[in-house]
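Q: Could you show me how to read the inside of a protein model?
A: Gladly; let us look at it together.

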Amino acid sequence: MLKSFTSTAFSGLRTVSQQQVRCIQVSARSLNVKDDSAPKAKRTVVSSAPEGTVLKGINYMKDGKDPVALADDAYPEWLWEINDPAVRNARIADPLDKKHHKEARRQAIKGDNFIRDKKT
Amino acid sequence: MSKKAPAAAASLLRLVVPAGKATPSPPIGPALGQRGVKSMDFCKQFNDRTKNVDAGTPLPVIITVKGDRTFTFVTKSPPTSFFLKRAAGIEKGATNIGKDHPFVGKVNLKQVYEIAKIKQADDGMGHLSLKGICAGVIGSAKSMGIEVVA
């Protein structure tokens, strides 16, 4: 029975009021503690397919038609960010983000493999 | 191509079949014949189910053959590469990709979004967010040498 979350670096078994309690380390990001205090930058990306463009090649039904592009604002915000390398690099640089640690781990593995291959 | 547990001994078969056209010996005939299914039966049912689809569109189909040689099948949406090639207006994907090789085509994010919406309807995508599927489509595009622009 989990009695308390703690965001300090302690993970493991703890005694809280004479009961053994398992604590796990939880990062601020995974608790969805979002810092929305900074004003969101206005989207600078403008789509190459303005509203009304026919998006070719999507329809594959006989009685259907290719969809027509909506206005940029009608699409979800994340759509303009998923292809943006700046957003991705920002996540990798942020030490609270899972991506940061995944990338660090990946580079460490590559380094180890490189050294191991060099030896043989 | 996996076997289920003892009693029914059903086997799965995964094929890509052009919509409305079936039976040719090479792809379907032997694969089904080995499991004791009459390929003509499958082809009739498949062509019937796919009569609303543009003829020739490649459709992945998963056929479950039960121990008593009866079968059921599920049809999924066309492969992502098919959509991307059409959207980019190219016949084939790139032979080589990477920083030393130019892109062979271009799609924009709105097309990616629409492709993802179609893919989302598939059974296997239930656990994925639309954003996740879009990221997958972009990944496919990159590995085909298709540039994704805004």
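A: A nonpolar core is a set of buried Ala, Val, Leu, Ile, Met, Phe, Trp, Tyr and Cys residues joined through side-chain atoms within 4.5 Å; buried means under 20% relative accessible area, with a 1.4 Å probe and protein chains only. This model is predicted: local features need pLDDT of at least 70, side-chain atom pairs count only at pLDDT 80 or more, and totals for chains, interfaces and linings use all residues. Residues are numbered from 1 along each chain as its sequence is written, chains are lettered from A in the order in which they are written, and side-chain values use heavy atoms, without hydrogens and water.

Q: How many residues does the largest nonpolar core have?
A: That core has 48 residues, and F42(B) and I63(B) have the most contacts inside it. Helix α5 (residues 130-143) of chain B gives the most, six residues; helices here are DSSP runs of H or I, at least four residues, and strands are runs of E, at least two.

Q: What does I63(B) touch?
A: Contact means heavy atoms within 4.5 Å. Leaving out residues up to four places away in sequence, the partners of I63(B) include L12(B), L32(B), F42(B) and F71(B).

Q: Which residues of helix α3 of chain B are buried?
A: An α-helix has 3.6 residues a turn, so residues three or four places apart point the same way. In α3 (residues 80-88), the buried ones are T80(B), F82(B), F83(B), L84(B), A87(B) and A88(B). Their cover includes β2 (58-65), β4 (105-108), α4 (109-120), α5 and β5 of chain B. Just after α3(B), G89(B) takes a positive phi of about 75°.

Conventions: Buried means under 20% relative accessible area, exposed over 50%, partly exposed in between (1.4 Å probe, protein chains only).
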